[in-house]
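Below are some questions on how labels follow from computed values. Each answer sets a value against its cut-off.

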Amino acid sequence: GERVEVDPGGALEGDLELPQAAVSKQLARLREDGLVDCRREGRSIVYSLADEKTRRIIHALYEEFCKE
């Protein structure tokens, strides 16, 4: 499934061009709202979409607004 790994080096923050605190806050909100699940793998936290419905919605948004 769709997943993103958040490493302690801050690669995701750099890719998004956002401070670590902002990324953490948004990921926590997504987790609280049940849109993503997370688990720890070593020093990293791996986030994945919580279910198939969420994946379909994200895919549709990506296709409409992000795909070139």
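Q: Where does E17 lie, and what makes E17 count as exposed or buried?
A: E17 sits in the loop between α1 (11-16) and α2 (20-32); helices here are DSSP runs of H or I with at least four residues, numbered from the N terminus. Its relative accessible area is 72%. Exposed means over 50%, buried under 20%, and partly exposed in between (1.4 Å probe, protein chains only), so E17 is exposed. Phi of E17 is near 55 degrees, a positive value in a residue other than glycine. The model is predicted: local features need pLDDT of at least 70 and side-chain atom pairs pLDDT 80 or more, while totals for chains, interfaces and linings use all residues. Residues are numbered from 1 along each chain as its sequence is written, and side-chain values use heavy atoms, without hydrogens and water.

Q: What makes I57, I58, L61 and F65 a nonpolar patch?
A: Patch residues have over 30% relative accessible area and no salt bridge (a Lys or Arg side-chain nitrogen within 4 Å of an Asp or Glu carboxyl oxygen). Nonpolar side chains (Val, Leu, Ile, Met, Phe, Trp, Tyr) are joined within 5 Å, like charges within 9 Å. These four residues together have about 420 Å² of accessible area, by the Shrake-Rupley method with a 1.4 Å probe, only the protein chains shown counting as cover. F65, in helix α3 (residues 52-65), is exposed at 66%.

Definitions and conventions:
Helix = DSSP H or I, 4+ residues; strand = E, 2+ residues; numbered from the N terminus.
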